[in-house]
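Thanks, everyone. Let me put the structure up, and then I'll walk you through a few parts of it.

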Amino acid sequence: MALLAQDLLAQDSLQGTLEEIAAAAVKLVDGCDAAGILAVRKGRAVTLAACGEMVDESDRLQGELGEGPCFDLARRKDGARVYRIADMTRPQPAWERFAAGARELGIGSMTGVLLYTDDEDFGALNLYSRRPGAFGKDIETAGWLLASHAAVALASARTIDQLEHAKESRHAIGEAMGILMERHRLSEDDAFDVLRRISQHHNVKLRDVAQKVRFEHPGQT
């Protein structure tokens, strides 16, 4: 794990870090044939990293069906962050359609750790084995250590994304205010007030109102 931490620090991108974590799971965890990092954003499943053929299809199935172990874990209210499916060949009443598809993919057992939850969005590290009974409770330590690296990487990236989004919003609003001030001889406060009133009246985000003003008056600042 110490060598893994060094390898992860050597990665120069989020994608490289996540792919290294997925590959490390296959390499370090006994019985693990494939691993991947799944994110669900606004109801859409996105495979952030995959090591092994069954990962993408399993993620796609969970996303399309809106069911499966990751969805169960994200919806639980008891704070549980780990799931284990000892034998996928046995009936799984909670998500019969996903289990049937997983069996067709050759998945015998699964385990996973929830990385984060945010309203309806979540992320999870999932480990797969072709044989039943591959993942016992003793595997959890390795899973937690791998997941902690993934969670930190994703948390940093999501914070950066939020900061970039906020910066773009401020830039758009500033340009729109400049257009209104020039075109209608408004003060800065009055220009912002116009944008705010339109936003509230039409129930539209302030940034979207600003973008509309910019598009309707190209070339002005």
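Start with Asp87, in the loop between β3 and α5 (96-104). A word on those labels: helices (H or I, at least four residues) and strands (E, at least two) are DSSP runs, numbered from the N terminus. This is a predicted model, where local features need pLDDT of at least 70 and side-chain atom pairs count only at pLDDT 80 or more, while totals for chains, interfaces and linings use all residues. Residues are numbered from 1 along each chain as its sequence is written, and side-chain values use heavy atoms, with hydrogens and water left out.

Back to Asp87. What is Asp87 in contact with, leaving aside its neighbours within four places in sequence? Gln92, Gly108 and Pro132. Contact means heavy atoms within 4.5 Å. Ala134 is 47 residues from Asp87 along the chain, and their C-alpha atoms are separated by 8.7 Å.

Now the sheet. It is open, with five strands in the order β2-β1-β5-β4-β3 and antiparallel pairing. Two strands pair if DSSP finds at least two bridges between them. At the edges sit β2 (44-51) and β3 (82-85), each pairing on one side only. On average, neighbouring strands are turned by 20 degrees against each other, direction ignored. Axes here are lines fitted to C-alpha atoms, for helices over the stretch in contact, and angles run from 0 to 180 degrees between N-to-C directions.

Take one pairing. Strands β1 (residues 34-41) and β5 (residues 121-129) run antiparallel, joined by seven bridges. Ala35 has Leu127 in β5 as its bridge partner. Helix α3 (residues 54-65) packs on this sheet and touches β1, β2, β4 (109-118) and β5. The direction of α3 makes about 165 degrees with that of β2.

Next, aromatics. Rings of Phe, Tyr and Trp (its six-membered ring) pair if their centres lie within 6.5 Å; planes under 30 degrees apart are stacked, over 60 edge-to-face, the rest tilted. That rule gives two aromatic pairs. Phe71 and Phe122 form an edge-to-face pair, 5.2 Å centre to centre with 85 degrees between the planes. Phe71 lies in helix α4 (residues 69-75) and Phe122 in strand β5, so the pair ties together parts 51 residues apart in sequence.

Last, two helices. The axes of α7 (residues 188-202) and α8 (residues 206-216) come within 9 Å and cross at roughly 115 degrees. The contact uses Phe192, Leu195, Arg196, Ile198 and Ser199 of α7, with Leu206, Val209 and Val213 of α8.
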